[in-house]
Amino acid sequence: MDSELFFGFSLYAWITILTVVSIFVVMARSRIPAEVAFLGALTVLLVSGVVTEEEGLAGFGSEPVVVHAAFFVIIAGLMQTGVLYWLTKHVLGDPKNYNNALLRLMVPTSIMAAFLNSVNVVALFIDAVKIWARKLNISPSKLLLPLSYAATLGGMCTLLGNSSNLVVAGLYLNKTGMSMNIFEPLLPGLVLTAIGILLVMLMQRYIPPRQSAEQSFETTSDYTVELLVPTDNPAVGETVEDAGLYNVKGGSLVEIVRFDREIIMPVPKDEWILGGDRLIYAGQINEILDLKRTHGLAAADHHVWSINDIDTKRKMRTAYVTFGSDLIGRSMTQCDFEQKNNVALVAVARQGSRVKGQPREIMLQAGDTLLLECPPKGEEQLASDNRRSLTFFDSHFVPQLGPKTITSAIILVLMFVISSFHLMPLMASTMFAAGLMMLLGCCRINSVTKYIEWELLLILGSTVVFSVAITKTGIADTIAHQVLQLCGSNPYIVMAVMCLLASLVSEFVSDVGSSAVFFPIMYQQAELLGCNPMPFIMALMLSVTISFASPIGSNTHMLIYGPGSFKFTDFARLGIVMHMVLLAITLVIVNIIYPLY
């Protein structure tokens, strides 16, 4: 390593610092995907010589990456054999009031998240909760936010519950050679989960009642639908009134866009219809879309030369624009998404209300709900191919329950028993369970890959390397000394300051990145103070997870952002209180359970 110092840091240390900071800036201020930012930063560290090729590759073979990859296979087995479907179906009941609904939702969700990972549980429950909310006559947002909070809280209880837990456990293994028990964070996690659920119950009035995007499509009398006139349509050459396309059932013609981009607005009754015209209607969606059948019109994603080219069996599906999607800041006319996927954008809703204007001309934002006209088949493939851009939650796939349902459930339980009693290390037990899932036919090998979050694996591998670089370049040691000079030698104050910083960083980037950056610093501080490192490490593991105040601080928050029609500030109303209260309790409970000396 370069020994020349600049303000206390070597050249390699400054390269590492600037690289890590650039990741946080990019993730907070741009729509560049997280895995691209992490891989780009990793490339900088490799090319500059901060880390060797062996150290770079070692990150992708580390415990967090391997365990996550194996766990994706286990989740595939649980999904395909119907275990998760059965759990979802039987968890929610028929509560008598909103308080009862919160308990019926949050308690089982937190328990499932501890065993199945918080992100998986939220993704599984979103559709069910939206239907449940409608049945109970409750705004979906009033249940989706507690769903996300409960999953995050429950995920604190085991190493598999949250990705950041696995990262911290893996770094601890690399540093000490000792493997954590899968239930290591169980006691403090249970306390935080119970208090977190109680806080939500007491502060439920701060959960905003947002109208769901689907309801805006179904009930509004003012939205736009865009239809195209095929070249050989009999209406070509007639006026819009004579062709029966002016005042139609459920709406009215408000605009015509010619093939040469000429816009006719308002539309006179005697306006001639030309082949390739895009007709913009306002009104009730289902009734206006009947014009496709009765008048031979088509979806407006591309020009149709013949009426025979129109597929009358297509269906409507809703999807949500994800954070980091390549559709953000673009309209459908500026990309080939519709053509590539054989879909047509019919309408756009934002924060529970439809967006005025031509749907295909609207600049999309994260969380927007899109109403898409899709082919009658291939729903799962459509969702799988575009999970980076959109999230579909309206799949009607219902697995068949049978003997393999019981088999996969037994495999899951067996994995936890083996790991908790240290019969096998965590990595070995998850790989063993994944192997059993495939060997016993609980999941189809050719469809397992669609359940694997390759982006998350890339991020996890990169974060391990960043932690190595922070330690190797002396950053951890230097910062640890400087913090001790500022805060003194009181370990409780040092721990509180570092956990506060780590939790604030995780609100704006990610808990995974925050845990990787702060782990070597906090471990070094524990050694300098002559303390047991475990309370420092456990405090970090829990504090980076309590990012409740912003939608980008947690993957579960990002999943519900679109379906709940939330505003960015909605999370702060309850989340700031949750963050500060749970952080204080974390510091107290961790030091009670894990002695400093």
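**Exercise 1: Ala409**

Leaving aside neighbours within four places in sequence, which residues is Ala409 in contact with (heavy atoms within 4.5 Å)?

Solution. Step 1: Ala409 touches Leu78 and Val83. Step 3: take the C-alpha atoms of Ala409 and Leu84; they are 9.4 Å apart, across 325 residues of chain. Step 4: Ala409 has a relative accessible area of 28% and is partly exposed (buried is under 20%, exposed over 50%, partly exposed in between; 1.4 Å probe, protein chains only).

The model is predicted: local features need pLDDT of at least 70, side-chain atom pairs count only at pLDDT 80 or more, and totals for chains, interfaces and linings use all residues. Residues are numbered from 1 along each chain as its sequence is written, and side-chain values use heavy atoms, without hydrogens and water.

**Exercise 2: H8 and H10**

Find how the axes of H8 (residues 141-155) and H10 (residues 186-202) cross.

Solution. Step 1: the axes (lines fitted to C-alpha atoms over the stretch in contact, with angles from 0 to 180 degrees between N-to-C directions) come within 9 Å and cross at roughly 165°. Step 2: H8 and H10 are therefore roughly antiparallel (over 145 degrees). Step 3: H8 contributes Pro146, Tyr149, Leu153 and Gly154 to the contact.

**Exercise 3: H21**

How many residues of helix H21 (residues 533-543) are buried?

Solution. Step 1: 11 of 11 are buried. Step 2: these residues pack against H9, H10, H19, H20 and H23.

Note on methods
Helix = DSSP H or I, 4+ residues; strand = E, 2+ residues; numbered from the N terminus. Parallel < 35°, antiparallel > 145°, perpendicular 65-115°, else oblique. Contact = heavy atoms within 4.5 Å.
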